[in-house]
Amino acid sequence: MSDLITQYDEWLRDDSDVAALVKRQWLEPVEGEDAVIFPPTYTLSDTDAGGRFNKGEQVPGVYKGPKGPYGYNIDRFDDGSSVCLIDSVGSQANRIEPIFMREQYRELVPRVVVTTSVSGKQREINLLEAGHRAADAIIRFSSIANRFADAFGAIKDQGDSEPLAKLAPTSLIFGVWDSRGTQVKLPRIVRSVIRAFNVRPLHRSAQYVPPVDYVGEGILEAPQNKTQEDSMSELGLRHAPAPWTHGGVQVHGEIRREATLNLVALRALGTRGKNPLPLRRYVLGLGLVALTAPQKTFLREGCQLVPDAKRLSEWRLVRHDGKREPWDISDQLASEYARAAAAAFKVGEDMAGSFDAKRATAVLAQSKEERKKSRRGGKPEENNEQ
Amino acid sequence: MIRYLCISVTFLDPLFHGKGDADEPEWPPSPMRLFQALVAGSRRGCCNGDWSKAKAEAYQWLEGREPPMIIAPPARRSAAYTLFVPNNDADEKFDRQDRLAPKMVRTHRIVGGASDAKSGQTLHYVWTVPETEGSEARTYAELLCREARRLTTLGWGVDQAVAHGRVLNDAEVEALSGQRWTAWDAWFAGRQILRAPKTGSLDDLTRAYEAFVNRLSMTQPPKAREPRVFDRAVYLPQGVLPPRPRAAFELPDGIAFRQEDAARIASMLRSLACAASKADTHEFPGGAEVYVAGHVGKRQDNVPRFSYLPLPSIGQEHADGMIRRLTIAEPVGGDGSHARWAQQRLLNAVIRDQEGNERGVLRELWRQSSRAMIRRYVEQARIWSSVTPVILSGFDDSKQTKAEKLVISAVEHAGLPVSAIAELTLRKAPFWPGSQHPRQYALPSYLKGLPSWHLRIVFREPIPGPLAIGAGRHAGLGLFATRET
């Protein structure tokens with residue numbers, strides 16, 4: 001067997017001392033180092049910061065919204081430093097998984113699509129874009145549901161992850177919970193998050209100015225009350241100010257992606273009666289691609305981050321006792337390893353299914369009691385008419 | 001020789017999402033959480049095929065042990081926020097937007113980070129394993145050390161971690177860096193309470209797992225999926241004291257005693273408690289003669305016993321320093337059962353002086369201001385000033401330096417770590433309005449002639465009251481209060 005495919009076997013054996021790979025990648029705004037970026041906003045109604053804001057305190061990063069205080073997720077420390085969440089673990093996973101739809105990586109995973117009809121048009125949904133992965137409803141109500149149910153069953157009853165690896169290997173990488181079936185819960189092997197350090201939140205204001213002064217020019221009558229004023233603003237017939245809302249953050253420290261590949265979770269993947277190494281090599285290869293492949297830089301409006309050319313990514317190999325050692329891998333080597341491992345494992349076949357709208361509708365129409373009945377025994381939802 | 005089983009867990013990210021009871025963010029992660037994570041690692045995926053009777057016995061050995069010491073890096077609460085996550089129940093609501101469920105995220109952020117040489121992101125859970133337990137204990141410990149390497153997360157699913165185990169000696173445990181948290185066998189309101197495994201926890205986790213896997217059958221309520229068999233322990237950082245459980249009473253309107261008679265009032269209260277204990281079957285540590293009456297030899301000054309602490313009125317603009325409220329406090333770390341006894345048995349009892357005259361009735365706290373006033377004596381604070389003077393156990397020859405040494409000794413006798421003191425001020429002038437010069441206070445015969453001072457102590461960390469030090473600390477003298485509430 002080639003050195004390429006066996007080079008990481010030491011990590012994949014049950015008694016390995018290596019517990020995880022950790023990557024730090026420095027990013028910068030596409031506009032330049034000190035540009036303003038827009039982190040995600042969250043509702044802060046039931047939080048300490050939101051409570052203080054409601055009492056009139058100026059809390060940096062918290063703003064007044066129509067449904068209560070909202071803002072950025074910023075931790076502040078006594079020494080004046082701060083950390084701001086730029087892209088969460090869940091969000092990063094949803095961005096990374098579709099990498100395997102790119103031309104250079106699509107051969108590494110089976111292509112599983114479910115066709116459904118939306119407004120009379122056929123639409124294909126790729127499993128890589130399904131939020132709950134192999135356990136998503138798009139699969140559960142499809143013509144290929146039983147294959148996935150059997151794969152989850154193999155994990156639950158025999159500790160055999162190979163069937164699921166043949167169908168939906170990225171579910172092993174990013175984690176999955178078959179919450180409506182076998183209850184099999186697989187921890188994520190790859191985890192990534194982006195944070196910015198030492199941030200200063202800003203405000204921004206904007207105003208819509210209509211092209212014509214409809215009232216001033218006598219085209220429309222002046223509004224008689226606030227309701228009419230609001231209606232005119234809503235329809236774009238009036239100035240609409242949006243003052244002092246969230247205005248992004250200026251980052252005075254680093255912007256960093258921190259990603260891990262948990263080898264302990266990977267080593268918990270097994271096969272029934274077979275050597276688990278091919279499976280583990282395959283999953284490792286996918287994980288390395290997930291961490292090394294160039295990622296989409298556009299996170300959201302006002303937040304496009306590119307790798308910092310002045311600072312190379314750092315890899316660390318983490319042992320069980322917490323000791324960290326330098327390590328490195330290029331995206332090219334990761335791809336080569338992943339291809340070799342995928343070929344040896346034999347990637348699962350592409351699969352196409354159709355969404356069973358009738359069945360989903362029938363289940364939707366069931367009462368709570370009927371749904372309870374159909375779930376007993378842990379089977380996928382059944383049509384009462386069958 | 002004592003050995004220690006040490007399971008060390010290194011977080012791969014500085015955020016910890018775990019929540020304790022009452023849905024509050026938890027730090028450090030509880031021993032029960034670790035136990036669950038270890039069992040999960042041992043039985044996850046293909047590892048379940050290796051599950052054996054030997055492993056089960058090792059976990060059962062571990063669950064039967066006293067809660068471990070936890071050595072953890074410092075962590076602070078992070079900003080909370082709400083995520084909206086779509087439920088995977090399109091069979092109930094097809095549209096994704098209709099399935100969004102809020103999920104409040106409240107985390108702790110480990111201070112220091114992975115590159116921090118002192119503590120990093122590693123916690124250590126340390127169980128004592130006396131050598132007398134024999135080779136079987138060693139076998140279990142070594143097996144658990146190997147199983148620890150299968151741990152993948154500690155906390156939520158995003159709290160990825162790696163772990164390993166070792167058997168260590170005293171010096172090796174001493175060398176572990178981080179803040180030490182120890183378990184107290186008592187209940188204290190407002191303190192960090194962590195779950196810990198106990199006998200039966202492993203079997204119960206198996207039961208909970210089966211209930212979870214079969215949850216869609218809806219034959220059991222959701223609570224069946226939760227662990228039920230565990231202990232709870234108060235964990236306090238080293239250097240932080242637990243509060244002193246106490247009983248509190250208030251005298252009727254119109255009855256008050258001069259602060260200078262604090263020791264006499266304490267004596268009346270003690271007599272009442274002694275009489276009640278003789279007419280009762282409640283068991284006291286060391287017996288009622290020791291615990292309630294305080295009949296201990298000089299060499300047994302630190303034997304656990306009640307402290308009788310009349311509380312002069314202080315803190316408000318017109319506070320006159322008179323005694324209207326009385327407490328009976330257990331020693332530091334008491335479990336509260338004896339204070340509860342005192343509260344129940346002595347409520348509405350009549351206190352009498354040495355001649356047998358009625359001097360007052362012990363009521364519940366009835367004045368509006370009482371709770372706020374008592375807080376000055378019992379709440380956590382760093383700065384404490386004596387209300388009644390501290391009686392030193394030796395002679396200071398009127399020298400401040402010698403007095404300071406005797407004060408340090410008094411602090412140690414009171415069960416306080418001297419290392420916890422940041423600053424000490426001695427003087428004869430009182431710190432509180434209503435307090436008097438030390439020579440004004442009536443002393444029992446065994447304390448007469450001993451030097452006495454007013455003190456102000458600044459601690460490095462807040463400590464709870466009631467705080468009393470010195471030779472009269474069980475008799476109303478050397479009582480402190482704080483202005484920090």
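**Figure 1. Polar contacts where chain A meets chain B.** In this predicted model, 19 residue pairs, both partners at pLDDT 80 or more, are in polar contact across the interface of chain A and chain B. On the side of chain A that touches chain B, the residues split into 25 nonpolar, 15 polar and 24 charged. Four salt bridges are counted between the two chains. One to look for joins Asp75(A) to Arg109(B), with 3.0 Å between the closest N and O atoms.

**Figure 2. The extent of the A–B interface.** Here we step back to the whole contact, to which chain A brings 64 residues and chain B 49 residues. Together the chains bury about 4,800 Å², and carbon and sulfur atoms account for 56% of that area. Three residues, Gln183(A), Arg191(A) and His320(A), supply 12% of what chain A buries against chain B, more than any other three.

Figure 3. Salt bridges link Arg24(A), Arg191(A), Arg195(A), Glu254(A), Arg256(A), Glu258(A), Arg311(A) and Asp13(B) into a network. Within this view, the side chains of Arg256(A) and Glu258(A) meet at 2.8 Å, N to O. Arg256(A) counts as buried because its relative accessibility is 11%, under the 20% cut-off. Glu258(A), at 9%, is likewise buried.

**Figure 4. A salt bridge along one helix.** Asp230(A) pairs with Lys226(A) in a salt bridge, the closest N and O atoms lying 3.1 Å apart. Both residues belong to helix 9 (residues 226-234) of chain A and sit four residues apart, about one turn of the helix. Asp230(A) is partly exposed at 37% relative accessibility, while Lys226(A) is exposed, with a relative accessible area of 55%.

**Figure 5. A salt bridge between distant parts of chain B.** Glu24(B) and Arg77(B) form a salt bridge, with 3.1 Å between the closest N and O atoms. Glu24(B) comes from the loop between strand 2 (15-16) and helix 1 (31-43), and Arg77(B) from strand 4 (residues 75-77), 53 residues away. Glu24(B) is partly exposed, with a relative accessible area of 34%.

**Figure 6. The largest nonpolar core.** This core has 72 residues, of which Phe148(A), Leu261(A), Leu284(A) and Leu288(A) touch the most other members. Helix 11 (residues 277-292) of chain A is the top contributor, giving ten residues. Beyond its neighbours within four places in sequence, Leu288(A) contacts Tyr8(A), Leu21(A), Leu261(A), Trp327(A), Ile329(A), Ala334(A) and Tyr337(A). Another core lies apart from this one, with 43 residues including Leu5(B), Ala137(B), Trp181(B) and Ala233(B).

Methods:
Residues numbered from 1 in each chain as written. Chains lettered and ligands numbered in written order. Predicted model: local features only at pLDDT ≥ 70, side-chain atom pairs only at ≥ 80, totals over all residues. Heavy atoms only, no water. Contact = heavy atoms within 4.5 Å. Buried area = accessible area lost by both parts, 1.4 Å probe. Polar contact = N/O pair within 3.5 Å; in protein donor to acceptor, adjacent residues only side chain to side chain. Nonpolar A, V, L, I, M, F, W, Y, C, P; charged D, E, K, R; others polar. Core = buried A, V, L, I, M, F, W, Y, C linked by side-chain atoms within 4.5 Å. Buried < 20%, exposed > 50% of the residue type's maximum accessible area, 1.4 Å probe, protein only. Helix = DSSP H or I, 4+ residues; strand = E, 2+ residues; numbered from the N terminus.
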